[in-house]
Amino acid sequence: MRQATELLHVKTHGRGLVEFTRQAGDWARGQGMQTGLLTLFCRHTSASLLIQENADPDVQRDLEAYFETIAPEDPGRYVHDTEGPDDMPAHIRTALTQTQLSIPLIRGELMLGTWQGTYLFEHRRQVALHLIGE
Amino acid sequence: MRQATELLHVKTHGRGLVEFTRQAGDWARGQGMQTGLLTLFCRHTSASLLIQENADPDVQRDLEAYFETIAPEDPGRYVHDTEGPDDMPAHIRTALTQTQLSIPLIRGELMLGTWQGTYLFEHRRQVALHLIGE
Amino acid sequence: MRQATELLHVKTHGRGLVEFTRQAGDWARGQGMQTGLLTLFCRHTSASLLIQENADPDVQRDLEAYFETIAPEDPGRYVHDTEGPDDMPAHIRTALTQTQLSIPLIRGELMLGTWQGTYLFEHRRQVALHLIGE
């Protein structure tokens, strides 16, 4: 049994969902393990992780619109505004989604379903990767 | 230290929460480990995982009703409708809950609290199990 | 490779976010590992875990206010009320946030970002810790 770790930089262009399934998967496969557990950890409080459908881009657009509706940018609604009007909505969206995801590796393949992709939600962000297995 | 993996099929009957605490627990205990970490991973984008109270079934009904309220089925609200009017609400509910859960195993027992059960939220679904420990 | 486990008692004062970054970090560092994965697991269904900003306390206040808005205490709204009017809102807030968090340990340091703290959301609660690594 052994471990491998990496810091992955995911480049984004303003708000929204950015898929990094291939980056994470390529790195994991490159470690040459057959069985294991890959953990993705987002090192920020105004960005988060999601596993979602990567077939129809409309799903991403609907998700982004949904989170803008339930956690809107709205001066006066939040006390915390020292980091800008988009900071508190970003914290709330982070709380409602995930900071960390672990994906089993079985027979050399990550157990993502056919339509599942890993996404970073917002901004330029750093994701820590940890793989344990053999 | 060793690992064990399994693909678990959880049968559901339409929408709602289906408990599979016993299925996951029986499998984990069957691996004969004393200390470890059990990871449950849902391989779908329109179903998710939850740990919730398994004492009063009203909790499950209230949870289902709540998610129907905040992520309703509503033609016209979402762009993505090629897979049916219930698909985008399912993606949103998945984003708001969990795709993966890891539960520590200590002295041969999963560390679920007295009233905690593991639930699959919606449809017929496959859950990948990964256990590492000794 | 080895494992270490602990049951951590986090004392809270009524509702709200309670940071326990130092408690968890001190315990993890005390195990003397360089590389690993720390898992935090909340053993309750009316409390949850969050990783959030620990710089400006207003963030915590805004988060608490937000969850009171989207999952209000409101007799008549929920069927389940045998454990008090604050129980079903607590279950919903738990469903919307996290029961478990895993944090990679790299070069002896937990990979929390500069402003990230680990929080328990509500009540007096027990958190199970599991660390695997070497």
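The model is predicted: local features require pLDDT of at least 70 and side-chain atom pairs pLDDT 80 or more, whereas totals for chains, interfaces and linings use all residues. Residues are numbered from 1 along each chain as its sequence is written, chains are lettered from A in the order in which they are written, and side-chain values use heavy atoms, without hydrogens and water.

T21(C) belongs to helix α1, residues 21-30 of chain C (a DSSP run of H or I, at least four residues). With a relative accessible area of 18%, T21(C) is buried (under 20%, 1.4 Å probe, protein chains only). Its side chain also reaches the backbone nitrogen of T118(C) at 2.9 Å.

Between chain C and chain A, 33 residues of chain C are in contact with 33 residues of chain A (heavy atoms within 4.5 Å). The buried area is about 2,600 Å², with 61% from carbon and sulfur atoms (accessible area, 1.4 Å probe, that two parts lose on being put together, summed over both). Across this interface, 17 residue pairs are in polar contact, both residues at pLDDT 80 or more. On the side of chain C that touches chain A, α2(C) gives the most, with seven residues.

Key
Helices (H or I, at least four residues) and strands (E, at least two) are DSSP runs, numbered from the N terminus. Buried means under 20% relative accessible area, exposed over 50%, partly exposed in between (1.4 Å probe, protein chains only). A polar contact is a pair of N or O atoms within 3.5 Å; within protein, one must be able to donate a hydrogen and the other to accept it, and residues adjacent in sequence count only if both atoms are side-chain atoms.
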